[in-house]
Amino acid sequence: MKETPRGTVSLVTGAQQGIGEVIARRLAAEGSLVAVNDRHDTELLSAVVESIQGVSAVADVADREQVARMVAGVEAEHGPVQTLVCNAAVEVLGTLLEQPPEVWWSHIDVNVTGTYNVIQEVLPGMRRNGGGRIVIIASIWGTTGWPRASGYSASKSGLIALTRSLGRELAPDNVFVNAIAPGIIDSPQIQIDADDAGISLDDMRARYAVDIPAGRLGTTEEIAATVAFLASAASGAFVGQILQPNGGELRGPA
Amino acid sequence: MERDARQDGRDGRSDGSRSAFVTGAASGIGAALVSTLTDRGWRVAGLDLQESAAELSVVGDVTDADGLLDAVQRAGQALGPPDLLVTAAGVFDQAAFEDITPAEFQRMLDIHLGGTVNACRAVLPGMLERRSGCIVAITSELALAGSERSAHYAAAKGAILGLVRSLAAEVAADGVRVNSVAPGPTRTPMLDRHPEYQDPAYAASLPLRRLVSPQEVAETVLFLATEGTFFTGQTLSPNAGAVI
């Protein structure tokens with residue numbers, strides 16, 4: 001029954017580094033042709049594309065016209081996207097009072113509207129193709145909240161509600177929408193958080209690990225494995241669910 | 001991609017196999033687990049009130065704590081100590097709350113909550129000693145949202161969620177993960193006896209427009225047991241959209 005997405009086309013947003021990159025690598029390892037999205041045509045992006053024999057898909061997800069061109073380009077060359085992973089996000093830490101409105105809006109524009117943009121552009125092709133899988137990367141902070149992360153947390157909470165609504169809406173059409181709300185993952189973001197806190201990377205990891213019963217941060221591979229599960233036939237009865245690989249930090253509903 | 005052996009599920013015996021102990025192994029979700037795990041190279045011991053297809057089939061009752069402990073020890077000797085425990089033994093019944101007798105209510109608690117506790121008690125010392133193990137308790141979508149005429153079943157299944165979340169927090173640092181799977185309405189003999197779930201109008205009311213297959217529940221357990229290594233204290237619910 002376990003079916004890998006061999007021969008399928010996947011699109012992973014925000015995939016030139018971090019969790020997105022590892023997701024792209026995992027889907028490619030399972031045989032999918034992966035369109036690797038990020039905002040700019042950088043050497044980082046080219047290196048990922050080359051190493052997984054994928055295709056470059058440059059667009060700022062917050063820019064609807066860029067997204068439309070990107071999706072049209074992928075479809076014209078390779079056919080409709082069967083697995084879409086909405087991972088692109090911005091995270092800027094700071095107190096609500098000190099953050100100017102444009103920082104607030106960047107969280108909403110990229111994380112929420114960016115996800116909406118990509119899904120709306122991909123969906124017609126997915127439907128024509130008879131169905132597909134959409135995996136949205138949310139966050140534990142979308143449920144628990146976090147100090148100095150109001151904008152980010154609000155955006156991720158929005159993605160959880162989007163997943164639930166769209167899960168209900170699209171399941172009858174054979175499009176399965178689920179989300180992953182990772183806990184603290186050992187990704188490049190931890191260095192950014194360490195710089196923000198003015199401490200070393202190891203101290204930042206240790207500070208986060210205190211709240212994690214498993215006693216460690218998660219790995220990007222563990223998130224990619226969860227995406228692979230949600231992209232496979234093995235998860236065929238999951239509709240609008242929020243999966244929480246978080247080492248036990250939050251042990252209740254998202 | 002390089003993968004951790006632990007994530008690939010190959011850290012068991014020297015021949016690479018891992019062992020599992022499944023309660024309620026003779027039918028429905030438990031039987032699907034036995035065949036799925038066996039197909040993927042696991043050595044499986046199954047306990048049920050009747051013989052199961054497991055490599056080691058033990059006839060017993062999950063409410064019998066001593067019998068369960070004995071069965072886990074026998075399984076350990078025959079197949080190696082269990083890397084995975086799945087508690088799938090259960091009974092389903094429907095009745096209006098005022099018609100549920102204290103004995104019927106207690107029976108639900110004894111089988112579901114008590115049976116899960118007994119099984120966890122039997123495998124945990126070994127798992128803690130080996131600093132490795134995975135427990136998956138099968139609960140139900142009814143534990144998440146409840147339903148009419150299901151108070152005793154939903155209460156018993158709901159209690160398992162509290163058990164799983166607490167135990168997960170307690171043993172996480174010792175390398176043991178504890179999660180639950182809360183299936184939606186699943187095509188099993190247990191549900192066949194309840195005509196409302198067989199009504200095509202019921203399936204049509206689900207976002208997925210069909211019931212869950214036992215195989216899909218088994219695949220979810222397998223994911224938790226192999227690659228789901230950062231999941232603990234969680235509830236995964238393959239439920240066809242019944243509870244979102």
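## Exercises on a two-chain predicted model

In β3(A), A:V55 is the bridge partner of A:A35. Helices (H or I, at least four residues) and strands (E, at least two) are DSSP runs, numbered from the N terminus. This is a predicted model: local features need pLDDT of at least 70, side-chain atom pairs count only at pLDDT 80 or more, and totals for chains, interfaces and linings use all residues. Residues are numbered from 1 along each chain as its sequence is written, while chains are lettered from A and ligands numbered from 1 in the order in which they are written.

**Exercise 1. Find the strand order of the open sheet in chain A, and say why β3 and β7 each have one side without a neighbour.**

Step 1. Begin with β2 (residues 33-38) of chain A, which runs parallel to β3(A) and is joined to it by 4 bridges. Two strands pair if DSSP finds at least two bridges between them.

Step 2. Now walk across the 7 strands: the order is β3-β2-β1-β4-β5-β6-β7, with parallel pairing.

Step 3. β3 (55-58) and β7 (242-243) of chain A stand at the edges with a single partner strand each, so one side of each has no neighbour in the sheet.

**Exercise 2. Is strand β1 of chain B buried or exposed, and which strands does β1(B) pair with?**

Step 1. Check burial (buried: 20 or more other C-beta atoms within 10 Å of a residue's own; exposed: 12 or fewer; partly exposed: in between; C-beta atoms are placed from the backbone). In β1 (residues 19-23) of chain B, 5 of the 5 residues are buried, so the strand is largely enclosed by the rest of the structure.

Step 2. Look at each face: B:S19, B:F21 and B:T23 lie on one side, B:A20 and B:V22 on the other, and all are buried.

Step 3. Turn to the partners. β1(B) is joined by 5 bridges to the parallel strand β2 (residues 43-48) of chain B, where B:L47 is the bridge partner of B:T23. With β4 (residues 84-87) of chain B, β1(B) pairs in the parallel sense over 4 bridges; there, B:A20 has B:L84 as its bridge partner.

**Exercise 3. How many residues does each chain bring to the contact?**

Step 1. Count residues in contact (C-beta atoms, placed from the backbone, within 7 Å): 34 residues come from chain A and 31 residues from chain B.

Step 2. Pick out the helices: α1 (18-29), α6 (150-170) and α9 (220-230) of chain A each supply at least two residues to the side of chain A that touches chain B. α9(A) gives the most, with 4 residues.

Notes. Two residues are in contact if their C-beta atoms, placed from the backbone, lie within 7 Å.
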